[in-house]
There are 2 protein chains.
Amino acid sequence: MRLSDTIETFIKEMISTAEENGVELRRNELAEYFHCAPSQINYVLSTRFTPEHGYMIESRRGGGGCIRIIHVQTSPTDHLDYLIRERVGTCLTEPEARLLLRQLNASGAVSEADAAMIAAAISPQTLSVPIPEAMKDILRAKLMRNMLLTVIRRTQAEHRQSTALIIQERKR
Amino acid sequence: MRLSDTIETFIKEMISTAEENGVELRRNELAEYFHCAPSQINYVLSTRFTPEHGYMIESRRGGGGCIRIIHVQTSPTDHLDYLIRERVGTCLTEPEARLLLRQLNASGAVSEADAAMIAAAISPQTLSVPIPEAMKDILRAKLMRNMLLTVIRRTQAEHRQSTALIIQERKR
DNA sequence: AAAGCTTTGACCAACTTTGACCTACGGAAA
DNA sequence: TTTCCGTAGGTCAAAGTTGGTCAAAGCTTT
């Protein structure tokens with residue numbers, strides 16, 4: 001088994017045993033544990049924990065710095081999940097994006113407010129920088145995907161919270 | 001947890017439990033309490049209690065000297081206006097953008113949910129396309145500006161609505 | 001052999017912590 | 001009153017601690 005696969009499995013194990021659906025890790029610590037270069041951790045993250053896989057990554061440098069990996073679980077039967085996987089893809093023209101956004105909003109998957117934020121991000125006005133049109137389509141897809149993941153993540157967090165409340169209620 | 005974060009939390013705790021919305025503290029005393037260099041207190045103040053965070057700081061040297069920290073609350077919309085004009089500009093590096101976002105959220109100008117959406121849009125993960133770094137900074141500024149404007153528009157719409165409601169109430 | 005993954009290491013960027021040196025205030029001594 | 005000294009806080013640059021990037025080198029699969 002390749003080292004990268006081992007590290008991937010290890011991190012996924014960490015995530016699945018964590019309470020929340022995210023973990024915090026130290027790059028150097030992990031690298032030392034697996035006797036590899038620290039940058040290998042980045043390689044694993046950038047090839048196996050991408051937004052396309054449903055992961056979002058945040059990190060901080062400096063003393064006490066760390067890497068946070070958040071797994072946004074989507075069920076294959078989920079409508080939003082389907083849209084993200086099948087419709088967003090790696091490329092999204094502006095008309096495509098607008099249509100998708102309207103549909104998402106109409107179906108109630110994305111609120112008016114969130115739709116407005118995404119619309120602002122993918123608008124031609126925002127993307128009016130001198131780069132090839134094809135690059136903008138890629139960028140639009142990335143923006144759309146990451147922002148939709150954020151929406152799903154929030155929905156899940158709210159769901160967890162309300163579930164916790166119900167459990168708390170039952171205990172009483 | 002970082003020492004700076006611990007000190008930050010400690011001071012915020014002090015402020016929130018204080019009668020007024022400000023506190024007075026002794027730099028050397030605090031430094032001794034946390035077993036750190038006195039200048040670390042300055043570091044915490046200058047990175048976490050700036051005017052942009054909504055804090056004002058006064059100090060007096062010499063015998064009986066002290067540092068006074070006052071938490072000032074401005075209207076979130078005004079704050080947003082100011083930040084869009086003064087801080088966003090046409091260029092925004094990733095650390096700059098993240099800092100700004102943290103401040104906006106801390107001051108209550110931007111909700112947690114909106115901040116998360118913006119964070120997703122300006123993240124390195126989203127902007128990982130092969131264009132010059134300078135172009136990304138421009139893009140980041142555009143994203144930030146247009147998304148913040150969206151937040152303002154929504155806030156104002158809500159305000160109009162609630163005002164209309166009040167007027168309606170009065171008419172009855 | 002070619003193409004496509006992995007692995008590594010040199011160099012970079014961001015954030016924190018510390019310490020040497022500086023400035024201001026206030027009271028005591030001259 | 002003026003001078004001096006002790007007691008605060010201020011500044012800044014160096015050192016320390018993390019993570020990020022990128023391209024070259026090494027494997028694997030075709």
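1. Before you start, one definition: two residues count as being in contact here if their C-beta atoms, placed from the backbone, lie within 7 Å. Keep in mind too that you are looking at a predicted model. With that in hand, look at helix 5 and helix 6 of chain A. From helix 5 come A:A97, A:L101, A:L104 and A:N105, and they meet A:E112, A:A115, A:I118, A:A119 and A:I122 of helix 6. Sort the residues of this contact by class and you get seven nonpolar, one polar and one charged.

2. How do those two helices sit against each other? Two packed helices are described by the angle between their axes and the distance between the axes. For helix 5 (residues 94–106) and helix 6 (residues 112–122) of chain A, the angle is about 175° and the axes are 10 Å apart. Angles over 145 degrees count as roughly antiparallel, so that is the label for helix 5 and helix 6 of chain A.

3. Now step back to the whole of chain A. It has seven helices and three strands, and along the sequence they follow the pattern α-β-α-α-β-β-α-α-α-α. Taken along the principal axes, the C-alpha atoms of chain A fill a box of roughly 55 × 50 × 35 Å.

4. Four residues of domain 1 and four residues of domain 2 make the contact between them. On the domain 1 side, three of these are nonpolar, one is polar and none is charged.

5. In what order do its three strands lie? The order is 1-3-2, in an open sheet with antiparallel pairing. Strand 1 (22–25) and strand 2 (55–60) of chain A stand at the edges with a single partner strand each, so each has one side without a neighbour in the sheet. From one strand to the next, the twist averages 15°.

6. You can follow the pairing residue by residue. Strand 1 and strand 3 of chain A are joined antiparallel by four bridges, and one pair to look for is A:L25 with its bridge partner A:I67 in strand 3. Strand 2 and strand 3 of chain A, also antiparallel, share six bridges. Here A:I57 has A:I69 as its bridge partner, while A:E58 has A:R68. A handy thing to remember when you look along a strand: in a regular strand the side chains alternate between the two faces of the sheet.

7. On the helix 1 side you'll find A:L3, A:S4, A:I7 and A:E8, which meet A:Q40, A:I41, A:Y43, A:V44 and A:R48 on helix 3. By class, this contact has five nonpolar, two polar and two charged residues.

8. DNA strand D is surrounded by 26 residues, the closest being A:S39, A:S59, A:R61, B:R27 and B:S39. In chain A and in chain B, helix 2, helix 3 and strand 3 each give two or more residues to this surface. Its make-up is five nonpolar, 15 polar and six charged residues.

9. Last, where the chains meet: 21 residues of chain B and 25 residues of chain A take part. On the chain B side, helix 6 (112–122) and helix 7 (133–171) each supply at least two residues, and the largest share, nine residues, comes from helix 7. That side has twelve nonpolar, five polar and four charged residues.

Key:
Residues numbered from 1 in each chain as written. Chains lettered and ligands numbered in written order. Predicted model: local features only at pLDDT ≥ 70, side-chain atom pairs only at ≥ 80, totals over all residues. Near = placed C-beta within 6 Å. Nonpolar A, V, L, I, M, F, W, Y, C, P; charged D, E, K, R; others polar. Pairing = 2+ DSSP bridges. Axes fitted to C-alpha atoms, helices over the stretch in contact; angles between N-to-C directions. Parallel < 35°, antiparallel > 145°, perpendicular 65-115°, else oblique.
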